[in-house]
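Colleague: Please take me through the terms used for this model, setting each value against its definition.

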Amino acid sequence: MGAPLPEADLREAVDWVQGWERLRGARLFITGGTGFFGKWLLDVMDRADRTFGLGVEAVVLSRNPRAFLEAMPHLEGARWLKLHAGDVCSFPSVRGPFTHLLHGAASSDARHYAADPRAMRQTISSGARRVMEAMQGQTGLRVLFLSSGAVYGPQPPELTHFPEDFPLAPDTDDPGQAYAQGKREAERLIRSACADLGFPCPVARCFAFAGPHLPLDQHFAFGNFIRDALEGRPIRVGGDGTPFRSYLYASEMAAWLWALLIQGESGAYHVGSDRGVSILELARTVGAAAGLPVEVERVPVAGAPPARYVPAVIRMAGELDLRPRVTLEEAVARTLAWHRQFRSPTPAPFPSLEAP
């Protein structure tokens, strides 16, 4: 959808980041600039550059620059934006020097890694290797890698929140964990390269999010329920509604990621909300906002512990003074309002199962 983000969201995202001046005159290389994360990051960057007169330049890797500009027409002609055509695993050399690298390229669409999990894992790790090869010869580079909370594997049911030093990892024999395995391998590759080169490298382990640009036709329950609401049909829960997730609004997500790139220390930070809600509670929140009923496909198994995927956000709060502020109810209201203002035909349904 080629619609601008709400001005209020952009203002608050810029306001929540301390230290924009550190980007004055910066030159950034960004991968993953065309998806949900990238659209928010670039729009917030555009707002910050105009607000503070930063004079930044961002070279953004895109498989299809024309399609990107069709999706983001308000950025066409932006002084600070340079598009670099190529695939993350094999893109042609890019001319430096750069002061910052933000690597976020990787599909999180469950259909991709269900169809070919080995290829998904290989793409993520090969992309990380190619990006770090392209940065050889840079000096004084700050690096941010967008990873995933999935790198821990399934959350034990007795654990209410993943700590940032949780020791477990995804099962290497489980094809369903290919995305998580790929992200974990990419973390290792990037952190090792940065350690060798002396680059600071915060890693953002991202959880679940809410807001404009979140796909409505993938495995994200929030997007699926918003789709149902826009179509005026009952909010359909594809499972039993018992799994717990948490949802950070996208303006906060973008602010947190820019704050990490600007001033984060090396190591893992959780980017997500620590307010756990069941999928059923999420569905009811969307249903209440839209005036629609909720339908649950399956009955919960008696006595079975609910699955969880909820982070603690200790480092973000303690080091960067960033905590979730936008409530789930407000996130739902803002997202519905944006879609209704800039509505395009909604995609075909996809089951609302919500995998990490």
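Predicted model: local features only at pLDDT ≥ 70, side-chain atom pairs only at ≥ 80, totals over all residues.

Colleague: What makes the crossing of H7 and H11 left-handed or right-handed?

Modeller: H7 passes H11 in a right-handed crossing. A crossing is right-handed if the near helix is turned clockwise from the far one by less than a right angle, and left-handed if anticlockwise. Residues are numbered from 1 along each chain as its sequence is written, and side-chain values use heavy atoms, with hydrogens and water left out.

Colleague: Why are H7 and H11 called oblique to each other?

Modeller: Helix H7 (residues 221–231) and helix H11 (residues 328–341) pack at an angle of about 55 degrees, with their axes 11 Å apart. Axes are lines fitted to C-alpha atoms, for helices over the stretch in contact, and angles run from 0 to 180 degrees between N-to-C directions. Under 35 degrees counts as roughly parallel, over 145 as roughly antiparallel, 65 to 115 as roughly perpendicular and the rest as oblique. H7 and H11 are therefore oblique.

Colleague: Which residues make that contact?

Modeller: On H7 they are Phe-222, Ile-226, Ala-229 and Leu-230; on H11 they are Leu-328, Ala-331, Val-332, Thr-335, Leu-336, His-339 and Arg-340. Contact means heavy atoms within 4.5 Å.

Colleague: What makes H7 roughly parallel or oblique to H9?

Modeller: The axes of H7 and helix H9 (residues 279–290) cross at roughly 30 degrees and come within 10 Å. H7 is therefore roughly parallel to H9. From H7, Ala-221, Phe-222, Phe-225, Ile-226 and Ala-229 meet Ile-279, Leu-282, Ala-283, Val-286 and Ala-290 of H9.

Colleague: Is Val-143 buried or exposed, and how do you know?

Modeller: Val-143 has a relative accessible area of 2% and is therefore buried. The term means under 20% relative accessible area, with exposed over 50% and partly exposed in between (1.4 Å probe, protein chains only). Val-143 is found in strand S5 (residues 142–148). Not counting residues up to four places away in sequence, Val-143 touches Leu-101, Ile-190, Cys-194, Phe-199, Pro-200, Cys-201, Pro-202 and Leu-261.

Colleague: Why does the radius of gyration agree with a compact globule?

Modeller: With 356 residues, such a globule would have a radius of gyration near 21 Å, and the protein has 19 Å, which agrees. The radius is taken over C-alpha atoms, and the globule rule is 2.2 Å times the number of residues to the power 0.38.

Definitions and conventions: Helix = DSSP H or I, 4+ residues; strand = E, 2+ residues; numbered from the N terminus.
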